Amino acid sequence: MSAVETSVKDVASAASRLRRTAWYRQPRFTRLWAMVALGVLLALVTGEQGNTRDIFFSLEGSLTGPNLWVCLALTVGVWALREFASTPIKGAVDQAKAAVGRPGGALRDRLQGDQRLRWGLIGLALVLALVVPSMLSRTWQTVLVDQIAIFALLAIGLNVVIGWAGLLDLGFFAFFAVGAYSTAFWTGRLPVEPPMVLNPFWVIPIAVVTCLVTGLLLGAPTLRLRGDYLAIVTLGFHEIIYLVAKNADGVTGGPQGARLIPDFSFDFAGIEYTWSIKPLPYWYLLVFFIVLVIVLFSRLEHSRVGRAWTAIREDEIAAAANGVDTVRFKLMAFAIGASTSGVAGVIFTSKYGYINPEVFPLLQSILILAYVIFGGMGSIPGVLMGAAALVWLPEALKDYVDASDRYMYLGALLVIMMIYRPQGIWPSRRRQRELKMAEEGLGDADAMSEPAGGKA
Amino acid sequence: MSLQEFWDYLVLGVMLGSLYAVIAIGYTLVYGVLQLINFAHSEVFMLGAYGSLIVLQLLDPGDNPSALASIGFVALAMAGSALFGGVTAYGLEKVAYRPLRRRGAPRLIFLITAIGASFFLYNLAGKLFGRDPMTLPEMYDNHDVFSVFGAGVNITQVLQFLTAVVMMVGLDLLVNRTKLGKGIRAVAQDAEVASLMGVDIDRVISRTFVIGGVLGGVAGFLFANLNQVSYTMGFIPGITAFAAAVVGGIGNIRGAMAGGVLIGVVETMTVPLLGDEWRSVSAMVVLILVLMFRPMGILGKQVGRAA
């Protein structure tokens with residue numbers, strides 16, 4: 001510590017002695033009050049379900065019962081540990097971090113350096129993905145297909161938008177709905193007649209194009225402006241899609257939606273096959289699509305386009321000055337994400353067989369966001385794991401946690417992750433470094449700054 | 001649509017618009033000082049409505065309260081909503097946004113936090129207060145008091161409009177005439193320079209949230225008085241009011257007021273023209289059109305320079 005710093009510190013401490021602060025306003029005690037407030041909040045969060053007949057029921061229950069004392073003890077305990085035992089704890093944490101970090105880092109370096117090992121692991125994961133599901137029970141197979149696989153596909157798509165291009169898309173699931181209604185339309189299950197009835201396989205390219213065009217139409221006016229407008233416009237777009245699906249009876253079938261949507265099937269060179277109600281065949285189909293999308297996108301990540309995204313994220317103005325057409329590349333990411341969502345919509349619809357507007361509530365968009373954030377935006381293994389873990393967890397905890405509280409915990413998870421670990425549990429290295437540098441004032445980590453021309 | 005209908009809907013639209021204006025101010029204030037779309041503002045609004053419901057359930061107005069008692073109930077319910085709104089906004093800033101601001105986190109991180117907080121708060125409200133919609137107890141005998149161009153105006157609407165106007169005028173004075181207002185404008189213009197000039201940024205931002213929260217909370221009460229209270233009630237008015245803030249020029253307080261009234265009228269006019277189910281679509285369509293043709297909004301300037 002230099003002499004200047006020391007003297008500054010001396011002056012500061014002398015000044016703080018001169019200033020009279022009430023004891024309860026000392027930082028240590030303001031932190032205590034904060035922890036007490038947190039404890040009360042925790043008691044409310046973990047308390048009983050309320051009901052509308054007596055709106056005080058839940059408040060009373062959680063603020064008078066033993067639950068409150070447990071929560072308070074917990075948070076005040078954390079406070080006490082942090083205030084009075086911070087040095088030994090910090091030492092222990094640092095040691096643990098070093099102990100885990102060194103072999104972890106070494107493994108990571110091996111993975112980066114050793115191509116064979118990396119391919120071996122990817123191959124192993126693929127083999128496991130193909131073999132393990134056939135050993136699971138039917139219930140878990142259904143969860144695997146209807147939720148984990150579909151959401152993994154969606155998460156990979158959203159990862160392009162949020163992880164690579166650094167844009168926030170809150171209407172991601174709306175494109176899923178577009179894909180789903182395209183399927184219903186092209187298989188002739190909507191009140192409006194399609195020009196010809198197609199097999200769901202042929203709907204996939206059509207849905208990709210439809211979602212691309214919708215994404216372009218929505219993104220073009222918005223992305224010329226500040227990046228954060230996209231968040232609210234997509235939120236509104238989701239609501240519009242939902243209301244159109246619900247209200248335009250003559251086109252979308254209204255609240256009843258569409259039924260009897262056919263399964264995938266092919267009849268090629270004498271081989272006939274129809275995917276049926278069984279989950280496993282759909283699992284293999286989905287694994288095929290997920291692998292396909294991963295291969296395509298990771299090629300994209302390291303291409304010119306991917307580098308343009310990185311450049312825009314890290315410093316939009318510098319990127320523009322170097323000739324990157326920022327609006328075009330942002331729009332591209334948004335549209336690519338949208339079409340992935342559309343593909344997932346087609347597969348889901350065909351598997352499920354019926355759709356109605358209630359399949360596409362806004363919270364689904366937020367769910368996918370949570371999966372991507374939790375896993376680690378920008379990292380494909382991260383988002384796959386995030387989706388798998390967060391779909392699996394509520395299913396596994398079904399008997400312990402009230403199902404209607406799920407979304408509350410997910411919201412809290414988003415906030416906590418953003419405060420303590422914005423890079424996710426399996427971060428992309430580059431993204432982690434960007435976030436860290438942006439916090440130190442070097443460059444940026446999203447595509448939300450003012451556009452280079454200062455249009456808005 | 002007959003002429004009479006036109007006036008009826010215009011009056012309704014202006015009334016509704018005054019509410020949107022009050023909510024929009026909350027968005028615009030926070031955007032001014034933090035450059036953040038505070039998605040959780042719609043939950044501040046919702047919890048404000050629950051604040052008034054709790055006060056009224058505790059007081060229990062009963063049947064036919066006297067005129068004086070009615071005024072008392074309205075005032076207390078309003079105070080309850082302001083308290084809930086203010087406390088929620090304060091806590092939100094303290095818990096969710098301040099750690100990020102200290103760290104200088106990128107804007108994407110702020111936005112994700114905002115949406116997460118919104119998600120958390122409304123599901124928490126659903127859990128605490130039950131998930132069915134409720135109505136506020138009757139505080140007064142609602143009847144028409146006068147008419148504008150033949151369109152009847154009842155007590156609820158007068159209350160709503162007057163409160164909104166009083167709050168907006170008060171806020172305008174606060175921002176333009178007081179020291180805190182000067183601080184808010186300074187932080188909106190340039191937070192770093194403001195701090196060099198001796199403005200306590202943390203305090204200004206915290207108070208800005210509280211002001212926005214109080215306005216949002218009272219708006220929640222007025223809205224609940226008109227419709228119902230439910231844990232999902234915040235979403236649509238919230239997104240509509242945000243559209244209003246953008247239409248008026250985000251960061252511009254008077255713009256938010258103008259935008260609110262405009263969106264309110266457009267939305268209400270949609271009802272006789274296209275049908276009730278399309279009303280919330282119209283606000284989003286207006287938002288997208290404004291972004292396409294006049295992205296800076298109608299009055300488009302920042303808090304610091306305009307108000």
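Biologist: Is the crossing of H3(B) and H8(B) right-handed or left-handed?
Modeller: This is a predicted model. In it, helix H3 of chain B spans residues 67–103, and helix H8 of chain B spans residues 201–226. Their crossing is right-handed.

Biologist: How many charged residues does the contact of H3(B) with H8(B) have?
Modeller: H3(B) brings residues including Ala77(B), Phe84(B) and Glu93(B). H8(B) brings others, among them Ile205(B), Gly213(B) and Phe221(B). By class, the contact has 13 nonpolar residues, 10 polar ones and, as for charged, 1.

Biologist: Which element gives the largest share of the side of chain B that touches chain A?
Modeller: On chain B, 43 residues are in contact with 49 residues of chain A. Elements giving two or more residues to that side of chain B include H2, H3, H9 and H11. The largest share, 16 residues, comes from H4(B).

Biologist: How many residues of the side of chain B that touches chain A are nonpolar?
Modeller: That side holds 43 residues of chain B. Of these, 7 are polar and 5 charged. The nonpolar residues number 31.

Biologist: What percentage of the residues of chain A count as buried?
Modeller: Chain A has 19 helices and 2 strands. Its C-alpha atoms fill a box of roughly 90 × 65 × 50 Å. Of its 456 residues, the buried part is 40%.

Definitions and conventions. Residues are numbered from 1 along each chain as its sequence is written. Chains are lettered from A and ligands numbered from 1 in the order in which they are written. This is a predicted model: local features need pLDDT of at least 70, side-chain atom pairs count only at pLDDT 80 or more; totals for chains, interfaces and linings use all residues. Helices (H or I, at least four residues) and strands (E, at least two) are DSSP runs, numbered from the N terminus. A residue is buried if 20 or more other C-beta atoms lie within 10 Å of its own, exposed if 12 or fewer, and partly exposed in between; C-beta atoms are placed from the backbone. Axes are lines fitted to C-alpha atoms, for helices over the stretch in contact, and angles run from 0 to 180 degrees between N-to-C directions. A crossing is left-handed if the near helix is turned anticlockwise from the far one by less than a right angle, and right-handed if clockwise. Two residues are in contact if their C-beta atoms, placed from the backbone, lie within 7 Å. Ala, Val, Leu, Ile, Met, Phe, Trp, Tyr, Cys and Pro count as nonpolar, Asp, Glu, Lys and Arg as charged, and the others, Gly among them, as polar.
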